[in-house]
Amino acid sequence: TNTKVTVLGLGAMGAALATALVRAGHPTTVWNRSPGKADALVALGATAATTPRDAVLASEVVVACLFDAASVHEVLDPVADLLAGRALVNVTTTSPDQSRGIAAWAAEHGVVYLDGGIMAVPHMIGQPGSSVLYSGSRTAFERYRPLLDLWGESAYFGEDAGVASLYDLALLAGMYVMFAGFLHGAAMVAGAGVSATEFAERAAPWLSAMTGGFAGFAAVVDGGDYAAPGQQSLEFSDLGDMVAAGAAQGISTEVVDVVQALIRRQVEAGHGKEGFARIYESIRNPV
Ligand code: NDP
């Protein structure tokens, strides 16, 4: 807990990360572009820096929790030389290629770089259920692991700095499609006078239970045999009735049309007797 840490960016997330560091006893320096946001942290024991330059000079580990890749460059490009020899842990949301770009920039300037993707909302930081995905410098990940673990479960995905972001976006893809599916279902039953709140009470345990199917799909995908026994066939999974019922309710069927199209492509290619996991092939091979 003696490691000096700087946090750049005290938005909702940066403030949560900094709070966890201060509470654990790390000498913590904080900086934010617009003033005022450091006050609560200073009251907890953090030191406020007035410039990114002073903030960077204060610590061996610099955490960036800004807005996007452009804001990371805007803040850090002018202080690149001061960052040399320090570790930069960038948890700002960036695309995989942007993360790789920042990693290359860091390497040019002798900065040790670890890219992070936060799988939590601010109030979850340091609480059960929070995790942060990392890729980039293995040395930095291992050396600063106790510090990183203050925010949640830390997972490391290798030296390619873009992988944490890729993984993060892959998990968010599943989340958004699930959310859209839930809202689609709520719209389907709305015509029958069912409130979204009532529907949510039934949908939440149902969808939670259905996550039990992931491992089976994964085993089929990894095994490469979509005809392996014990699976629900693609023909059986045809969503025609579901699409028609939605249309009969007068709602958009776009959410389920997407899945139906993925199924139909495999059925039309002659794979109707194979398992549902086969739509993975539709996804891997775009038309
Ligand atoms: P906020 O909007 O609350 O804060 C954004 C922060 O970025 C502020 O400190 C803001 O400074 C700063 N900022 C924006 N543009 C610039 C710039 N050009 N130069 C300097 N500072 C800048 O966002 P969050 O704290 O919620 O999010 C921060 C990062 O964490 C984002 O990349 C977000 O995607 C990621 N994240 C957030 C999650 C969440 O649930 N909130 C979850 C997972 C990741 P100022 O106060 O001056 O405007």
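This is a predicted model: local features need pLDDT of at least 70, side-chain atom pairs count only at pLDDT 80 or more; totals for chains, interfaces and linings use all residues.
View 1. Residues are numbered from 1 along each chain as its sequence is written. The axes of helix 12 (residues 240-248) and helix 13 (residues 254-271) cross at roughly 160° and come within 10 Å. Axes here are lines fitted to C-alpha atoms, for helices over the stretch in contact, with angles running from 0 to 180 degrees between N-to-C directions. Helices are DSSP runs (H or I, at least four residues), numbered from the N terminus. Look for Met 242, Val 243 and Gly 246 of helix 12, which meet Val 256, Asp 257 and Gln 260 of helix 13 (C-beta atoms, placed from the backbone, within 7 Å). By class, this contact has three nonpolar, two polar and one charged residues; Ala, Val, Leu, Ile, Met, Phe, Trp, Tyr, Cys and Pro count as nonpolar, Asp, Glu, Lys and Arg as charged, and the others, Gly among them, as polar.

**View 2. Helix 9 and helix 10 are oblique to each other.** Helix 9 (residues 163-190) packs on helix 10 (residues 196-210) at an angle of about 135°, and their axes lie 10 Å apart. On the helix 9 side you will find Met 178, Phe 182, Gly 185, Ala 186 and Val 189, meeting Ala 196, Phe 199, Ala 203 and Leu 207 in helix 10. Eight of the residues in this contact are nonpolar, one is polar and none is charged.

**View 3. The ligand is surrounded by 21 residues (C-beta atom, placed from the backbone, within 6 Å).** The closest are Gly 11, Met 13, Arg 33, Phe 67 and Thr 93. Helix 1 (12-23) and helix 4 (69-76) are the elements that give two or more residues to this shell. Its make-up is 10 nonpolar, eight polar and three charged residues.

Conventions
Angles under 35 degrees count as roughly parallel, over 145 as roughly antiparallel, 65 to 115 as roughly perpendicular and the rest as oblique. Two residues are in contact if their C-beta atoms, placed from the backbone, lie within 7 Å.
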